[in-house]
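Colleague: I would like to learn how to read a model feature by feature. Can we start with charged pairs?

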Amino acid sequence: MFKQIINHKGFWRSVLYLGLAFVVIFIFIKWAFEGFTSNFFDERNPYLLIGGSLLTGFLYGFFVTYGKFKNKLKK
């Protein structure tokens, strides 16, 4: 079932779009809590901020998309 889901047409595209949307919204909300100051980006290591956000976005996108496609294929 796992291979069938991850090889389904549109699965990885959905993971990518959902993950990127999560990253943009997540960084925007964190930046809002800091008061939209430029210090938000200056005080953090840019590699850790971008890399960590992309990794968590990928994981979020994968799990949500996997659940969506699993329910879709069950029906």
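Modeller: Start with the term. A salt bridge is a side-chain nitrogen of Lys or Arg within 4 Å of a carboxyl oxygen of Asp or Glu. Side chains of opposite charge can pair when their charged atoms come close. Keep in mind that this is a predicted model.

Colleague: How many salt bridges does a search of the whole structure find?

Modeller: The search finds 1 salt bridge. It joins the side chains of E34 and R44, at 3.4 Å from N to O. E34 sits in the loop between helix 2 (11-33) and helix 3 (39-42), and R44 in the loop between helix 3 and helix 4 (46-74), so the pair ties together parts that are 10 residues apart in sequence.

Colleague: Let us step back to the fold. How many helices and strands are there?

Modeller: There are 4 helices and 0 strands. From the N terminus, the order is α-α-α-α.

Colleague: What is the radius of gyration, and what would a compact globule have?

Modeller: The protein has 16 Å, whereas a compact globule of 75 residues would have a radius of gyration near 11 Å. Now the spans. Along its principal axes, the C-alpha trace covers about 50 × 20 × 15 Å.

Colleague: What percentage of the residues count as buried?

Modeller: Of the 75 residues, 23% count as buried. The protein exposes about 5700 Å², and carbon and sulfur atoms supply 68% of that area.

Colleague: And the contacts? What share comes from residues 24 or more positions apart?

Modeller: They account for 77% of the contacts with a separation of 6 or more.

Colleague: Next, the core. Which residues form the largest nonpolar core?

Modeller: The general idea first. In soluble globular proteins, nonpolar side chains tend to be buried together. Here the largest nonpolar core has 7 residues: I5, I6, F11, V15, F62, Y66 and F69. Helix 4 gives the largest share, 3 residues.

Colleague: F11 is in that list. What does F11 touch?

Modeller: Leave aside residues up to four places away in sequence. F11 then touches I5, I6, F62, T65, Y66 and F69. F11 is buried, at 0% relative accessibility.

Colleague: T65 is among those contacts. Where is T65 found?

Modeller: T65 is in helix 4. Its relative accessible area is 1%, so T65 is buried. Beyond four places in sequence, T65 touches F11, S14, V15 and L18.

Colleague: Now the rings. How many aromatic pairs are counted?

Modeller: Rings pair if their centres lie within 6.5 Å, and planes over 60 degrees apart count as edge-to-face. The count here comes to 16 aromatic pairs. One of them is F11 with F62: 5.6 Å centre to centre, 90° between the planes, edge-to-face. This pair links distant parts of the chain, with F11 in helix 2 and F62 in helix 4, 51 residues apart. F62 counts as buried, at 14% relative accessibility.

Modeller: Take another pair, W31 and F36. Their ring centres are 5.3 Å apart and their planes lie at 75°, so this pair is edge-to-face. W31 is partly exposed at 26%. F36 is partly exposed at 43%.

Colleague: Which residues form one aromatic cluster?

Modeller: F2, F11, W12, F58, F62, F63, Y66 and F69 form one cluster.

Colleague: Back to F36. What is its phi?

Modeller: Most residues other than glycine have a negative phi. F36 is not a glycine, yet its phi is positive, about 55°. F36 lies in the loop between helix 2 and helix 3.

Key
Residues are numbered from 1 along each chain as its sequence is written. This is a predicted model: local features need pLDDT of at least 70, side-chain atom pairs count only at pLDDT 80 or more; totals for chains, interfaces and linings use all residues. Side-chain values use heavy atoms; hydrogens and water are left out. Helices (H or I, at least four residues) and strands (E, at least two) are DSSP runs, numbered from the N terminus. Rings of Phe, Tyr and Trp (its six-membered ring) pair if their centres lie within 6.5 Å; planes under 30 degrees apart count as stacked, over 60 as edge-to-face and the rest as tilted. Buried means under 20% relative accessible area, exposed over 50%, partly exposed in between (1.4 Å probe, protein chains only). A nonpolar core is a set of buried Ala, Val, Leu, Ile, Met, Phe, Trp, Tyr and Cys residues joined through side-chain atoms within 4.5 Å. Contact means heavy atoms within 4.5 Å. The radius of gyration is taken over C-alpha atoms; the globule rule is 2.2 Å times the number of residues to the power 0.38. Accessible areas come from the Shrake-Rupley method with a 1.4 Å probe; for residues, only the protein chains shown count as cover.
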